[in-house]
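Please keep the structure in view while reading.

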Amino acid sequence: MSGSMEFLLWTKGPLFNIALAIFAIGLMARLVEIFMLGRAPNYAEPRAHEWPAGLRTMLTRTVADPGTFQRAPFNVVVGWVWHLGFLTALLFFVPHVELIQGVLGFAWPALPNPVVDFATAITLLALIATLVHRLTHPVKRHISTIEDYLVWAVVFMVVLTGYLAYHRLVEPYPLALGMHILCAEILLIILPFTKLTHIFTTFIARWYNGAAFGRKGVQS
Amino acid sequence: MSELTLERGLAAFRAEIDAPTAAFFSSCVHCGLCAQSCPFYLETGDPKYTPILKLEPLRRVWENEFTLWGRIKGLLGLQKKVTDAMLAEWEELLYDSCSMCGRCSMVCPVGNDLAYMIRKTREGMVQSGHAPEGLVSASVRAITTGSPMGLQWKTLAVQIQHVESSSGLTVPVDQEGAEYLVLLSSMEVINFPEYLEAITRIFDHAGVTWTLSTQCFEATNAGIQIGNKDIAAQLVERVVAAAETLRVPKVISPECGHAYTAIRWEGPNLIGRPYSFRVFHIVEVLDELRAAGRIRTEGKEGDRLSMHDPCNLARKSGVIQQQRNLMALVAENFVDLKEHGKYQWCCGAGGGVSSNERAEALKMTAFKRKKAQIEEVAPERMVTMCATCRTQLEEGLETFNMEIPVVGLTEMIAEHLVERD
């Protein structure tokens, strides 16, 4: 028991600070790497302004166009389900809200535990579905790399360990909670160096896309 | 051109990587949805045609040289390098199986503009000596003769004579101070001579002053299709010089998709300065004349017509409503294809695919997507406004034994002009 408590305290203390530092510095470096490259000036007469079009695409690309949805409904729906489930658990579980309050100094109301529990279970199922899809769909299997499977495993472990700890399915509890925090820290550490950066860069990418099409008079 | 090497290719890739490119590669999650927007993947079912995979050479250079993690991997000897053999393999993926239609750019959930990066990657392919023979020779002909098909002014002059004798009108040549400089595409001059007669009639009817230029009549830009900025800039400079010599305020790009994006959007950036004139696609000009009441038509086409939006015109340039306004003027039984406008499907021939003989079979396979769309609404004729699309539609429909004639929109408008007294 004392060993598992020490493990929990280590994950909550020094390791948390290290993970947060690597995440923050790594992400900052990635963003600097991107923006330092800049863009060549554009001398072509625009049809419309870049900013409104870019900002719209940042939001609208969240929803697939009807044709794509019809051609790949599984991909679209399962992607949506697990992202929403993950965000629900991450941002609205009582202890997570308290952690956010502690780190940022502000937070928002949490959701009732049964709601978060349900979202977590759905997320686990949807994540398994994405893995099966990745292993079986010809395109996904062909383009997948070791990184795709590594990132999947880390994300899955974060959710799974959280679910196990909440339901007291692993004893002793400090070990279960420590494992969950450790997994979350691994996720933070690899985030800036893997495709997980899309959590942030997708909005930059969407802006550039929307801006480029927008100045030509097309809302992408 | 001096010797093309892997080193020059890599240098070109490096020079092309900018903030959008880095943001795009940082964001890809390998969801594979881009494949669902690509006619080359959908009609072959071969996952090697997944759009994001076509960009792997550029992505590797980005990861290896433009990211912290890539450099750490380099120190550990874990980098995947771009090799000459790799580029040789990717030549088919970047040229034969991509028409740069930009549909993947509209669909990618993280917002990657893949067509923008294909255009960039081709720069490195040219510099490393991995561009298709058909495109190389078209580029050389464009630079040496002024036309990618080697067409000379004297051929056009003969056609002008035909137009003048059949219409009884004058085709203005080298008229300084005209409102519009009209450019043509060689493909049009050779395959669709009716276009020149159509604009001659329409502009006479609307009282528009216009001119051709003996200095430069070609609007297409082989440099953009192959992916070479130097060639592309030289070809744009010719248009600019002709427009400046004749002091025209406006230049018209013909019924050709890539010519329009080349001169309208890439041109000023290729030469590094804004133009002293404005650029329009012929369809934009016709719609403006329509809105101003300067085109008066009589009678309407009664058969069931549908329309193919050229990618370069619709999705990549925002000209979508204009052609529909014009159709409404002359057609009473028009039906749109289900996915049209910015979500239209490529005919399969753009982006240099049609100049690349090796890609012939693949081009016809990709056309099946368009064919299925056409079958869905079962028109009696198709209308379009790009000579490359039109040729591909004609060939494709014939290949699949579908008796659906294809007409150019400009000609159709010309046929309905109210005769003057």
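Helices (H or I, at least four residues) and strands (E, at least two) are DSSP runs, numbered from the N terminus. The model is predicted: local features need pLDDT of at least 70, side-chain atom pairs count only at pLDDT 80 or more, and totals for chains, interfaces and linings use all residues. Residues are numbered from 1 along each chain as its sequence is written, while chains are lettered from A and ligands numbered from 1 in the order in which they are written.

Chain A contains 11 helices and 0 strands. Its C-alpha atoms occupy a box of roughly 70 × 35 × 35 Å along the principal axes. Of its 220 residues, 33% are buried, meaning that 20 or more other C-beta atoms, placed from the backbone, lie within 10 Å of the residue's own.

An unreviewed UniProt entry lists residues 15-37, 74-95, 115-137 and 149-166 of chain A as "transmembrane region"; such annotations may be inferred rather than shown by experiment. Residues 15-37 of chain A are 100% helix and 0% strand, with end C-alpha atoms 33 Å apart. For residues 115-137 of chain A, the figures are 96% helix, 0% strand and 32 Å.

In chain B, helix α13 covers residues 194-206 and reaches 18 Å from its first C-alpha to its last. This is close to the 18 Å expected at 1.5 Å a residue, the expected span being 1.5 Å times one less than the number of residues. Because 10 of its 13 residues are buried, α13(B) is largely enclosed by the rest of the structure. Among these buried residues are Y195(B), F203(B) and H205(B). Just after α13(B), G207(B) adopts a positive phi of about 70°.

Key: A residue is buried if 20 or more other C-beta atoms lie within 10 Å of its own, exposed if 12 or fewer, and partly exposed in between; C-beta atoms are placed from the backbone.
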